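Have the coordinates open as you read.

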Amino acid sequence: MLKEAVHRLVPAPAGRIHLVEQGTGPLVLLVHGFPESWYSWRHQLPALAAAGYRTVAVDVRGYGRSSRPDDVSAYRMLDLVEDAVAVVHALGERSAVIVGHDWGAGIAANSALLRPDVFRAVGLLSVPYAPRGGPRPSEIFAGMGGDEEFYVSYFQERGRAEEEIEPDVRGWLAGFYAAFSADTMPQPGAPDPHFVSRGGGGTLRDRFPTERPAWLGEAELDVYAGEFERTGLTAALNRYRTMDRDWEDLMPYDGAAIPQPSLFLGGSLDASTTWLSDAIAAYPTTLPGLRGSHILEGCGHWIQQERPKEVNEYLLNWLADLPS
């Protein structure tokens with residue numbers, strides 16, 4: 001009989017990482033994105049554990065019960081990679097497969113890139129791997145949108161997004177999840193929720209749908225809202241505020257490929273997949289160990305929650321094919 005998942009706190013460079021662990025066998029580390037938590041992997045934990053894997057979903061630094069340093073620079077990618085390494089070692093393991101979604105995909109990719117001695121394979125959900133390179137990120141994002149401002153630039157100004165979100169965390173999260181879910185996202189031609197009107201008067205929420213996606217019931221929203229009402233959003237948003245620092249830190253890895261066995265899963269209706277189609281096309285060069293790249297038709301951004309059965313099937317087939 002499969003044992004219940006266990007919550008643990010383990011030491012990490014910034015203090016502690018909260019994780020949820022289920023199963024025994026080879027270690028698989030699951031890393032969430034924004035604005036989520038370990039809970040976004042609730043469908044994968046029991047499925048992978050039942051298949052014979054020690055499956056661990058973390059709260060990324062700044063989220064949930066993990067440590068939340070005050071310094072914005074504490075959320076740079078190098079530190080998040082070291083957190084991932086610390087989790088592996090705290091669990092008494094030497095190596096792991098790492099799988100990430102959204103910002104977690106970036107953490108997973110860079111963990112595999114920087115610490116191939118620890119991470120033997122990497123799975124990326126929703127956000128493709130694109131090697132470091134090109135202009136400074138803030139310059140790229142500032143030039144997007146024309147008369148509108150890209151959401152990343154909006155998030156990068158400390159306190160600005162918090163002013164929008166904090167008065168109604170639950171309502172904001174519900175709208176944000178709906179805006180990028182396949183069954184509730186705005187129709188083509190409607191105002192794009194990736195942008196806000198320039199001039200300081202607009203908010204992201206102005207463009208959020210009022211419907212609730214099928215995967216997000218009251219119980220699911222209770223979990224997410226409860227965590228962010230307790231912690232606030234600043235630490236989570238700080239990931240966006242260190243992107244230029246990452247660009248500087250990762251300069252030695254400009255254009256670097258990730259050779260370990262890899263997997264990519266994306267949604268056909270997810271802007272992360274469509275806008276970064278060139279990055280996916282470059283996989284023969286950037287991910288030479290790629291074992292599969294799959295686009296789920298009719299799926300949005302929250303791929304492992306929108307389509308858990310298909311995602312689990314792809315993950316399990318990929319994991320079973322990895323060298324031991």
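## Aromatic pairs

The model holds 26 aromatic pairs, where a pair means rings of Phe, Tyr or Trp (its six-membered ring) with centres within 6.5 Å, called stacked if the planes are under 30 degrees apart, edge-to-face if over 60 and tilted for the rest. Take Phe-34 and Phe-176: their ring centres are 5.8 Å apart and their planes stand at 85 degrees, so this pair is edge-to-face. Phe-34 sits in the loop between strand E3 (27-31) and helix H1 (44-50), while Phe-176 belongs to helix H7 (residues 169-179), so the pair ties together parts that are 142 residues apart in sequence. Helices (H or I, at least four residues) and strands (E, at least two) are DSSP runs, numbered from the N terminus.

Phe-34 is buried, at a relative accessible area of 1%, and Phe-176 is buried too, at 5%. Here buried means under 20% relative accessible area, exposed means over 50%, and partly exposed is in between (1.4 Å probe, protein chains only). Phe-176 also forms an edge-to-face pair with Phe-180, with 5.1 Å centre to centre and 70 degrees between the planes.

## Ground rules

This is a predicted model, in which local features need pLDDT of at least 70 and side-chain atom pairs count only at pLDDT 80 or more, while totals for chains, interfaces and linings use all residues. Residues are numbered from 1 along each chain as its sequence is written, and side-chain values use heavy atoms, with hydrogens and water left out.

## The chain as a whole

The protein chain comes to 15 helices and 10 strands. Along its principal axes, the C-alpha trace spans about 55 × 45 × 40 Å.

Of the 324 residues, 56% count as buried. Among contacts with a separation of 6 or more, 76% come from residues 24 or more positions apart, with contact meaning heavy atoms within 4.5 Å.

H7 is mostly covered, with nine of its 11 residues buried. Those buried residues include Trp-172, Leu-173, Phe-176 and Tyr-177. What covers them includes helix H5 (151-156), helix H6 (160-165) and H8.

Helix H15 (residues 308-320) has 13 residues that should span 18 Å at 1.5 Å a residue, and its end C-alpha atoms are 18 Å apart, which agrees; the expected span is 1.5 Å times one less than the number of residues. Its buried residues are Val-311, Asn-312, Leu-315, Trp-318 and Leu-319. Seen down the axis of H15, they fall within an arc of 135 degrees, so they line one face of the helix; the arc is that of the directions from the helix axis to the C-beta atoms. The face turned away from that buried side carries the exposed residues Lys-309, Glu-313, Asn-317 and Ala-320.

Most residues other than glycine have a negative phi, and most peptide bonds are trans. Which bond is cis here, with omega near -15 degrees? The one from Phe-34 to Pro-35, and Pro-35 lies in the loop between E3 and H1.

Asp-102 has a positive phi of about 60 degrees although it is not a glycine. Asp-102 is found in the loop between strand E5 (96-101) and helix H3 (103-114), and it is buried at 11% relative accessible area. Ser-126 also has a positive phi, near 80 degrees. Its place is the loop between strand E6 (119-125) and helix H4 (137-142), where Ser-126 is buried with a relative accessible area of 0%.

## Charged side chains

Arg-239 lies over the face of Trp-103, at 4.5 Å from the ring centre; the rule asks for NZ of Lys or CZ of Arg within 6 Å of the ring centre and within 35 degrees of the ring normal. Glu-227, found in helix H8 (residues 218-231), counts as buried at 18% relative accessibility. Leaving out residues up to four places away in sequence, Glu-227 touches Asp-59, Gly-64 and Arg-65.

Arg-68 lies in the loop between strand E4 (54-58) and helix H2 (77-90) and counts as partly exposed, at 34% relative accessibility. Beyond its neighbours within four places in sequence, Arg-68 is in contact with residues including Tyr-63, Tyr-75 and Arg-230.
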